[in-house]
Structure formats: structure tokens, C-alpha cells
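Thanks for coming. I have one structure to go through today, and I'll keep it short. Here it is on the screen.

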Amino acid sequence: KSIKIFAPATVANLSCGFDVLGCCLDTVGDEMIISLTSNPEVKITKIDGANLPLETHKNVAGVAVEALLKAYKKEIGVTIEIYKKIKAGSGIGSSAASSAGAVWAVNYLLDSPFSSQELIAFAMEGEKLASGNAHADNVAPALLGGFTLVRSYKPLDVIKLNTPKDLMITVIHPQIEVKTSDSRSVIKHNVSLQQAIQQWGNVGGLVAGLFTEDYELIGRSLEDVIIEPLRSILIPEFTAVKEAALSSGALGCGISGSGPSIFALSKGDKTATLVADAIRNVYSKTGLKFDIHISKIN
Ligand code: HSE
């Protein structure tokens, strides 16, 4: 039994929701071919488009599938082919696409013995290997689609949120690599009560805005007073990109995951295109290579 899947890119944090909020891109992602075999081991048989380890225990997809098979308990083998389109260290969930895609496909081929929450937990093992931290804010939207909220890590409790129908996302990916582990090391581990109040007000506002499809409220809530001020220094032209996005009509703009990608949410594809043009203008002057994607959230 074998299946070919699309493993989507994701944007984590969404400004105010560090490690808890994320959304899934409709058009950007990897391809994978996953097969069940009778030889009881997990093998990465091919990786195309990236220089990543083939050894199962060093590969995020391999580790995630091993976690699933450990819980499955019956003897079964899996082979994994990965066709990477999302670059590692891009900030749009490259490792999450591989881990989430692999466990989703194996579960499907086994006739779905595991729930989505269980699959998220298996895929988090891949994230732990990639960044040293088992965060779920990329694997959850990759597995559930749309917007997701990790309400709690212990116990794991992930909630799928609503996606307003005209909401579009523009993502610029500067072609530099920022490792999530490095980008996590610049964060302070203590926040002031004042910062916390502002941040959880915004998380609540964003969730409310998504459900009531209040685009203005979504825009006002895309604010990060804790992480963005520290991480933005790692991203060339972050402030100029944000200004360009907001002045061309974006609802909000921030760092995608741990960077260097930057995302902007807009209402409607016309605005999303204007935002892409404005951002392209800023980046064209830097001489850096970059990609821009416009996508629905699905
Ligand atoms: N929440 C994680 C971080 C996402 O910001 O480090 C990494 O893509």
C-alpha cells in the first residue's frame, strides 16, 4: 500500500500566539510518497530538493513515524520518499511538513487507528528533533488545516479555529537560513505582567476576530510585544517590509514562525497582491534572493 501526499507549509505564532497559534497554506508545500512494507523498519528511501539526513533517527519524518509505530504496537514497516520544496530554516514549517505529512499518511494507510490529537503528538517528536523543542504550532495546522490554537501542551489540547472566507496570506521568504534553535535562543524566558496582559488580550482578540470574521479586529490583534522585538533583528529589512505591507492595505504583518520568512494577512486577493508587490519592492533593493507566495488558508 502506498500514497502520494501534499505536505503543506504553515505559519506559526501569528504574531501574538508564540508556540500556540498557526495556520496552514493552501498552495505551498512538499510532496511525499509513503508506503507500508512487511519489513518491520522505517526507512527514508529518498530525499529530493534538500540535503537532509537519510538515517531514520536523525530525520524528522522518520522519528515521527517511529513514535506512531511504537504506539501502534503491531509489526509493520514504512518507507518514506520526500520531495522538498520548503527550505529548511525558512520559517514556514519545513520540518513540520515532513513530520506531519509522514504520520498523516501512515495513519491513513493503516485505516486511521489514531485521532488527530494523537497524530499531532507523534509529529511533535519530529519538531523536538529539529529544534530541541516539541512545539505543535506548525504540525497542528499542517494536520488539521486552517487556523489552530494549542490551548494546552500538558495535556495536549488543540482546537481548530474558523477561517474567514476572504482572508489571504502573503509570505516573503528571504533566502537565508535562520535555525529555529538559534532563533529561540534570543528569546527572554520571563515576561512582565504588562506584556502578558497585552499579549493575551491580542490572542483573545485574534481568535474572536477569526470566528466573527471581523477583519479589522484580526488586524488590530496581530501584534507581538514579546518575541518580535527580539527576533526581528535577525531578519533583514523586517521593519521596512512591515511598513510596506501595512501601508498597502495588509491587516497585519509579522515574523512567520521563527523567521526569516515574514507573513502578512489581507482581506481579498487584490490586497494580498498589492502587499506582495510592496514587499517585493523593498526586498528587490537589498540584493538578497527571496520568494513570495500568496495563498489561501486552508
Ligand atoms: N513557535 C515556534 C517558534 C515555531 O517560534 O520558535 C517555529 O517555527
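Two residues are in contact here if their C-beta atoms, placed from the backbone, lie within 7 Å. Keep in mind that this is a predicted model.

With that cut-off, take Tyr 72. Leaving out residues up to four places away in sequence, Tyr 72 touches Leu 110 and Pro 113. Tyr 72 sits in helix 1, which covers residues 60–72. Thr 37 is 35 residues from Tyr 72 along the chain, and their C-alpha atoms are 15 Å apart.

Next, the core. The largest nonpolar core has 89 residues, and the members touching the most others are Ala 64, Val 65, Val 103 and Ala 123.

Now the ligand. Which residues surround the ligand? The list is Ala 12, Asn 13, Phe 18, Asp 19, His 135, Asp 137, Asn 138, Thr 180, Arg 184, Gly 257 and Ser 258. By class, that shell has six polar residues, three charged and two nonpolar.

Last, the annotation. An unreviewed UniProt entry gives residues 208–284 as "domain: GHMP kinase C-terminal". In the model, that span is 55% helix and 13% strand, and its end C-alpha atoms lie 36 Å apart.

Technical notes
Residues numbered from 1 in each chain as written. Predicted model: local features only at pLDDT ≥ 70, side-chain atom pairs only at ≥ 80, totals over all residues. Near = placed C-beta within 6 Å. Nonpolar A, V, L, I, M, F, W, Y, C, P; charged D, E, K, R; others polar. UniProt positions renumbered as here; feature names shortened; annotations may be inferred. Helix = DSSP H or I, 4+ residues; strand = E, 2+ residues; numbered from the N terminus. Core = buried A, V, L, I, M, F, W, Y, C linked by C-beta atoms within 7 Å. Buried ≥ 20, exposed ≤ 12 C-beta atoms within 10 Å, placed from the backbone.
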